[in-house]
Amino acid sequence: MLQKQSNKNQKNFAGIRLDLILSLNAGERIQIKDTLRFLLSFPFLLNRLVKSLGAVNMRMLLTNHAGNRIRTYVFRNRKTYKYYVILRNMEIIGKISRGSKMDQVYLSKNRAGFAVGNYVIIKPLEERTKEIKSIEKLYFYGIKGIEPVKLEIVNKIMKIISRLTYNYDNIFITGSFLDEGFQFNDIDILILTEKETENTLKRELENQIGMKTHIIFFNKSSLKKALEIDPIWRLMLSRCISKKRLLPHPRKNIDYKYLDAQLIKSKALFENFDILNGKEKYKLIRNIISIYLFVKNKEISESNIEKETKEKLGIDSDELKNNIVDKGALKRYRNFYFKMEEDIIKNAAKQEKTN
Amino acid sequence: MPQNRKKLIELIIGTLSNAIMHEVLRMASKNKEIASYYKKEIENAINVSRKYREKINPRNRSLSARDIEYIRNKIINKVKVELVIRISKGYKNIDLSLIERLVDKVLKDTNIG
């Protein structure tokens with residue numbers, strides 16, 4: 001009977017992690033991790049365990065796969081107190097859509113919590129229409145997956161910017177923050193607005209999220225122009241999270257003189273090869289390859305850049321980021337750079353004559 | 001060591017020349033307002049130069065007048081040569097008078113001059 005009840009209980013708490021922290025008389029703490037799941041339905045057994053270990057109190061934490069705490073039990077003087085903590089960010093508001101055999105609610109793959117296998121409650125939200133309107137879903141471009149903790153940061157950033165920038169048209173989060181892992185220097189935020197907000201926004205953001213930010217303001221016409229002439233902005237927006245849907249990119253307009261100015265940045269690679277770290281080298285190669293793709297009328301995306309880097313320079317992007325590049329690759333890079341420079345100067349001169 | 005010192009000065013010259021060339025070409029482009037969004041990238045070149053500068057003595061004071069003069073002239077000449085090549089190929093609107101002003105500014109920013 002006991003076994004049956006225990007199994008039933010385990011089923012109800014599938015996907016939940018149970019941690020026990022026991023504080024003993026001597027001031028020591030014992031931590032028992034996720035081993036006594038079956039005790040969830042027998043609080044008196046837990047009390048007995050506390051007593052037998054001579055613990056003065058015991059804290060039991062229940063967390064889901066994303067690490068969000070969902071329930072806490074505290075045992076003091078053999079009495080049990082139970083607290084339920086339901087976090088706001090563990091709610092997802094969805095819409096029921098019609099299916100052929102069954103109707104469904106879709107969950108975005110990029111979400112905090114709600115791991116596959118979790119049991120959830122679905123109930124109507126008629127009274128909360130105002131709240132539903134204020135919660136907008138985000139748009140992901142070129143992102144296969146993102147860590148839940150980063151998604152929470154993104155949500156927080158969007159909220160702060162929405163509060164402090166009244167007339168924005170869109171907000172984009174882009175750059176190395178969206179790369180896998182946590183090796184980013186700052187968070188690149190691009191705000192599309194006709195009116196720039198003063199420095200308070202940067203200060204407020206950095207105070208609240210505790211990370212460095214790099215905020216760039218664009219108005220509609222300057223963003224359009226940037227996407228027309230600049231491969232790096234095309235690349236930046238090929239992989240981003242935006243508050244509102246991103247409009248299709250405008251047609252390319254190659255300004256060779258402008259590209260010449262941008263290409264010079266990549267010259268630093270062979271001049272400062274020994275002092276640059278892997279990430280800096282990657283950025284300089286990314287710059288030249290994106291210019292190459294732009295001029296050759298090819299799609300500019302992170303995967304295409306990695307492919308071309310391999311093809312043209314024989315450099316693997318992961319090795320480059322880890323700063324494992326041999327001097328032979330440097331020679332290939334130098335030749336590639338000067339060939340590109342020559343072509344661009346020639347075309348820029350031609351363009352000047354026709355203008 | 002003297003060899004290292006010489007090499008570091010050459011690296012500073014290379015890095016700052018590129019940053020100044022970028023700036024002059026940017027000013028000559030009809031799309032200069034778009035390039036101004038790259039402030040972070042130009043700062044990076046100055047930061048790299050600062051890294052080199054920190055390795056050269058005296059660290060906390062500006063370099064000797066002789067060194068400053070050498071670096072200044074080398075950068076100006078290097079940028080001028082590159083830009084003159086471009087002008088000879090047909091580039092227009094390149095303002096060579098900008099070079100000296102920009103060189104003095106970056107030398108100050110990098111604690112060289």
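Student: At what angle do helix α8 and helix α10 of chain A pack?

Tutor: Helix α8 (residues 256–263) and helix α10 (residues 278–295) of chain A pack at about 160°, and their axes are 10 Å apart. Helices here are DSSP runs of H or I, at least four residues, and strands are runs of E, at least two, numbered from the N terminus. Axes are fitted to C-alpha atoms over the stretch in contact, and N-to-C angles run from 0 to 180 degrees.

Student: So what does that make α8(A) relative to α10(A)?

Tutor: Roughly antiparallel, a term for angles over 145 degrees.

Student: Which residues make the contact?

Tutor: L259(A), Q262(A) and L263(A) come from α8(A), while α10(A) supplies N287(A), I288(A) and I291(A). Contact means C-beta atoms, placed from the backbone, within 7 Å.

Student: Before going on, how are the residues numbered?

Tutor: Residues count from 1 along each chain as its sequence is written, and chains are lettered from A and ligands numbered from 1 in written order. The model is predicted, so local features need pLDDT of at least 70 and side-chain atom pairs 80 or more, while totals for chains, interfaces and linings use all residues.

Student: Back to I288(A). What is it in contact with, leaving aside neighbours within four places in sequence?

Tutor: L263(A), S266(A), Y337(A) and M340(A). I288(A) is also one of the residues that touch the most other members of the largest nonpolar core, which has 83 residues. I173(A), I285(A), I20(B) and V24(B) are the others named there. Such a core joins buried Ala, Val, Leu, Ile, Met, Phe, Trp, Tyr and Cys through C-beta atoms within 7 Å.

Student: Which element gives the largest share of this core?

Tutor: Helix α1 (residues 2–28) of chain B, with 10 residues. Domain 2 (136–242) and domain 3 (256–354) of chain A also both give residues to the core, so it lies between them.

Student: Different spot. Is K265(A) buried or exposed?

Tutor: Buried, because K265(A) has 23 C-beta neighbours inside 10 Å, and the cut-off is 20 or more. K265(A) sits in the loop between α8 and α9 (268–271) of chain A. Its C-alpha atom is 9.8 Å from that of I285(A), and the two residues are 20 apart along the chain.

Student: How many residues of helix α7 in chain A are buried?

Tutor: In α7(A) (residues 231–238), 8 of 8 residues are buried, among them W233(A) and R234(A). They pack against β8 (139–141), β9 (168–174), α6 (220–229), β12 (240–242) and α10 of chain A.

Student: How many residues of chain A are in contact with chain B?

Tutor: On the chain A side, 24 residues, which meet 25 residues of chain B. Elements of chain A giving two or more residues to that side are β11 (213–218), α6, α8, α9 and α13 (327–354). The largest share, 5 residues, comes from α13(A).

Student: And how many helices and strands does chain B have?

Tutor: Chain B has 5 helices and 0 strands, in the pattern α-α-α-α-α along the sequence. Chain A has 13 helices and 12 strands.

Note on methods
A residue is buried if 20 or more other C-beta atoms lie within 10 Å of its own, exposed if 12 or fewer, and partly exposed in between; C-beta atoms are placed from the backbone. Domain bounds come from an automatic or database domain assignment. Two residues are in contact if their C-beta atoms, placed from the backbone, lie within 7 Å. Angles under 35 degrees count as roughly parallel, over 145 as roughly antiparallel, 65 to 115 as roughly perpendicular and the rest as oblique.
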